[in-house]
Amino acid sequence: MKELIDALNEDLAFEYSAIIQYITYSAIVKGISRLELGEFFLKEINDELEHAKYLSNKISALGGTPIIEPKTFKITENVKEMLEELLKAEEETIERYKRHSQLAEKLGYIDIKVQLENIILDEAKHRDEIKKILHNIGG
Ligand SMILES: [Fe+2]
Ligand SMILES: [Fe+2]
């Protein structure tokens, strides 16, 4: 049980980090990219907020205490680098949720397994969008 709570708390810390990362990047993105990326980054936050809400509720339901410290991320004003950082974060997040959904299944928590898989659907959407945007951005 502690293993699962710790795993979900790790996910929660990364969700908080994602929220801060999208808010920060949307605030500091400059140049012509600002017109579209500013809004795009803000739009992603809703999903990450829902993920954080689910995780903190579930951690508490399991008898744990939801973490309040976010993970950290690289700050940059270079648009391509921003997108690469976000892509890396989304890809790592998908891998983490895959591992944790397997853990939940192994421990018999099918509801958590299914919900983490649903979250993977959202993260995969984020990953694909960022990948497409990166496609047209030069060095
Ligand atoms: Fe998320
Ligand atoms: Fe995401």
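Which residues in helix 1 meet which residues in helix 3? Please set the answer in the context of the neighbouring helices.

Author: The model is a predicted one, and the description below should be read accordingly.

The contact in question joins helix 1, residues 2–28, to helix 3, residues 79–106. On the side of helix 1, the residues are Glu3, Leu4, Ala7, Leu8, Asp11, Phe14, Ala18, Gln21 and Tyr25. On the side of helix 3, they are Met82, Leu86, Ala89, Thr93, Arg96, Tyr97, His100, Leu103 and Ala104. By class, this contact holds twelve nonpolar, three polar and three charged residues. An α-helix has 3.6 residues a turn, so residues three or four places apart point the same way.

The geometry of this pair is as follows. The two axes come within 11 Å of each other and cross at roughly 160°. Because an angle over 145 degrees counts as roughly antiparallel, helix 1 is roughly antiparallel to helix 3. The crossing in which helix 1 passes helix 3 is left-handed.

The buried residues of helix 3 are Met82, Leu83, Leu86, Ala89, Glu90, Thr93, Tyr97, His100, Ser101 and Ala104. These buried residues pack against helix 1 and helix 4. Several of them also belong to the contact with helix 1, among them Met82, Leu86, Ala89 and Thr93. After helix 3 comes Gly108, which has a positive phi, near 90°.

The other partner of helix 3 is helix 4. The axes of helix 3 and helix 4 are 9 Å apart, and the two helices pack at an angle of about 165°. That angle makes helix 3 roughly antiparallel to helix 4. Helix 3 passes helix 4 in a left-handed crossing. The residues of this contact comprise 15 nonpolar, four polar and ten charged.

Helix 4 covers residues 110–135, which number 26. From its first C-alpha to its last, helix 4 reaches 37 Å, close to the 38 Å expected at 1.5 Å a residue. Ile112, Leu116, Ile119, Glu123, His126 and Ile130 are the buried residues of helix 4. They pack against helix 2, residues 34–61, and helix 3.

Buried in helix 2 are Leu37, Phe41, Glu44, Glu48, His51, Ala52, Leu55, Ser56, Lys58 and Ile59. Helix 1, helix 3 and helix 4 are included in what covers these buried residues. Gly63 follows helix 2, and the phi of Gly63 is positive, near 95°.

Helix 2 and helix 4 also form a pair, with their axes 11 Å apart and a packing angle of about 165°. The angle makes helix 2 roughly antiparallel to helix 4. Here too the crossing is left-handed, as helix 2 passes helix 4. Helix 2 contributes Glu44, Asp47, His51, Tyr54 and Lys58 to the contact, whereas helix 4 contributes Ile112, Gln115, Ile119, Asp122 and His126. The residues of the contact of helix 2 with helix 4 divide into three nonpolar, three polar and four charged. Glu44, His51 and Lys58 are among the buried residues of helix 2, and Ile112, Ile119 and His126 are among those of helix 4.

Ser60 is found in helix 2. Ser60 counts as exposed because it has 12 C-beta neighbours inside 10 Å. The C-alpha atom of Ser60 is separated by 8.8 Å from that of Ile5, although the two residues are 55 residues apart along the chain. Leu42 also lies in helix 2. With 14 other C-beta atoms within 10 Å, Leu42 is partly exposed. Leaving aside residues up to four places away in sequence, Leu42 touches Tyr22 and Ser26. Leu42 and Asp111 are 69 residues apart along the chain, and their C-alpha atoms are separated by 29 Å.

Terms used
Residues are numbered from 1 along each chain as its sequence is written. Chains are lettered from A and ligands numbered from 1 in the order in which they are written. This is a predicted model: local features need pLDDT of at least 70, side-chain atom pairs count only at pLDDT 80 or more; totals for chains, interfaces and linings use all residues. Axes are lines fitted to C-alpha atoms, for helices over the stretch in contact, and angles run from 0 to 180 degrees between N-to-C directions. Helices (H or I, at least four residues) and strands (E, at least two) are DSSP runs, numbered from the N terminus. Angles under 35 degrees count as roughly parallel, over 145 as roughly antiparallel, 65 to 115 as roughly perpendicular and the rest as oblique. A crossing is left-handed if the near helix is turned anticlockwise from the far one by less than a right angle, and right-handed if clockwise. Two residues are in contact if their C-beta atoms, placed from the backbone, lie within 7 Å. Ala, Val, Leu, Ile, Met, Phe, Trp, Tyr, Cys and Pro count as nonpolar, Asp, Glu, Lys and Arg as charged, and the others, Gly among them, as polar. The expected span of a helix is 1.5 Å times one less than its number of residues. A residue is buried if 20 or more other C-beta atoms lie within 10 Å of its own, exposed if 12 or fewer, and partly exposed in between; C-beta atoms are placed from the backbone.
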